[in-house]
Amino acid sequence: MPAPDQSFMKNGYAVLPNALTDAELTTLRDACQVLLDEPVDDGGGDRHKIGLGTARRFLAHRHEEFAELSELILGEKIARIVAKHLGTPGYLFNEQFVVKGSGTGASFAWHQDSAYVGYEHKPYLSVWIALDDTTIENGCVYIIPRDLETNPGIDHHEWVEESRELNGYFGDDEGEAMTCPAGSIVVFSSLTLHRSGPNTTDALRRAYLCQYSAEPLVHPETGEQKRFAKPMPVPA
């Protein structure tokens, strides 16, 4: 496989406008709605470590129940995107819908995804898919560009109990707003600092996040595998 895309390595992210077909977008929306319609007994997502009830829900690790969703995130289109930006088709290891409630949808603090892993690992790739037109008003993602070759480390993070999240940036940079139409994809490294704003609109803000590692993520001491380790196809 060729080396990762150099523009991506220089900036730590890339935006792929309107990357999904209407049918693929419908597949994601339909699966998300099935999960949203399920009865819950935990305040709408509080069992997830960083969930905040209906204000910030994570509907995680359910792709195997949806054949078309599984075909999409384990298929050739996503494999090409992953290979281009990670340098290898890699492995699917995590996936989840992220839904911000209307009017009170919570923001998400600056962080690097790698900070949540808890042990040393190779940087991985986050593929963030907009299920709705994403705006500043409904809580778009913000990114601080990062040269992954000259600045490859994990920054200091602090756990914030009140908002149930890690905070990894304490400066004044507001970041670049990833406003984009539904069906667009933002890919970024697990080392790239990003956050999202609150949803102040009267509609849900839905996104789907699938993450791909260069190798299975395995705890070096316990040997425990982190979530999935499903190999992606080699793109034609």
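Here are some questions and answers about this predicted model.

User: Which side chain of opposite charge is nearest to Asp113?
Analyst: Asp113 is buried yet has no salt bridge. A salt bridge needs the nitrogen and the carboxyl oxygen within 4 Å. The nearest side chain of opposite charge is 9.4 Å away, and it belongs to Arg227.

User: Then which side chain makes a polar contact with the side chain of Asp113?
Analyst: Leaving aside neighbours within four places in sequence, Asp113 is in contact with Tyr124, Ser126, Phe188, Ser190, His194 and Gln211. One of these also makes a polar contact with Asp113, side chain to side chain, at 3.3 Å. That partner is His194.

User: Where is Arg227, and is it buried or partly exposed?
Analyst: Arg227 is placed in the loop between S12 and strand S13 (230-231). Buried means under 20% relative accessible area. Because the relative accessibility of Arg227 is 40%, this residue counts as partly exposed.

User: Which residues of helix H4 are buried?
Analyst: Helix H4 runs over residues 76-86. Its buried residues pack against helix H1 (6-11), strand S1 (13-16), helix H3 (67-73), S5, strand S10 (185-189) and strand S12 (205-213). They are Ile78, Ala79, Ile81, Val82, Ala83, His85 and Leu86.

User: Which residue just after H4 takes a positive phi?
Analyst: H4 covers residues 76-86. Just after this helix comes a residue with a positive phi of about 90°, and that residue is Gly87.

User: How many Å separate the C-alpha atoms of Val34 and Val82?
Analyst: Val34 is found in helix H2 (residues 22-37), while Val82 is one of the buried residues of H4. The two are 48 residues apart along the chain. Their C-alpha atoms are separated by 27 Å.

User: Is Ser70 buried or exposed, and what is its relative accessibility?
Analyst: Ser70 lies in helix H3. Leaving aside neighbours within four places in sequence, Ser70 is in contact with His63 and Glu64. Buried means under 20% relative accessible area, so Ser70 counts as buried, at 15%.

User: How are the rings of Phe93 and Tyr124 arranged?
Analyst: The model has four aromatic pairs. In this one, the rings are 4.7 Å apart centre to centre, with 80° between the planes. Planes over 60 degrees apart count as edge-to-face, so the arrangement of Phe93 and Tyr124 is edge-to-face.

User: How many residues apart are Trp110 and Tyr169 in sequence?
Analyst: These two also form an edge-to-face aromatic pair, at 5.8 Å centre to centre. Trp110 lies in strand S4 and Tyr169 in the loop between S8 and strand S9 (176-177), so the pair ties together parts of the chain. Along the sequence, those parts are 59 residues apart.

User: Over which ring does the charged end of Arg195 sit?
Analyst: A charge sits over a ring only within 6 Å of the ring centre. The charged end of Arg195 is 3.9 Å from the centre of its ring, which belongs to Tyr142.

User: How far apart in space are Ile129 and Arg206?
Analyst: Ile129 is found in strand S5 and counts as buried, at 1% relative accessibility. Its contacts beyond four places in sequence include Leu20, Leu28 and Ala207. Ile129 and Arg206 are 77 residues apart in sequence, while their C-alpha to C-alpha distance is 8.9 Å.

Terms used
Residues numbered from 1 in each chain as written. Predicted model: local features only at pLDDT ≥ 70, side-chain atom pairs only at ≥ 80, totals over all residues. Heavy atoms only, no water. Buried < 20%, exposed > 50% of the residue type's maximum accessible area, 1.4 Å probe, protein only. Lys, Arg positive; Asp, Glu negative; His and termini not counted. Polar contact = N/O pair within 3.5 Å; in protein donor to acceptor, adjacent residues only side chain to side chain. Contact = heavy atoms within 4.5 Å. Helix = DSSP H or I, 4+ residues; strand = E, 2+ residues; numbered from the N terminus. Phe/Tyr/Trp six-rings, centres within 6.5 Å; stacked < 30°, edge-to-face > 60°. Lys NZ or Arg CZ within 6 Å of the ring centre and 35° of its normal.
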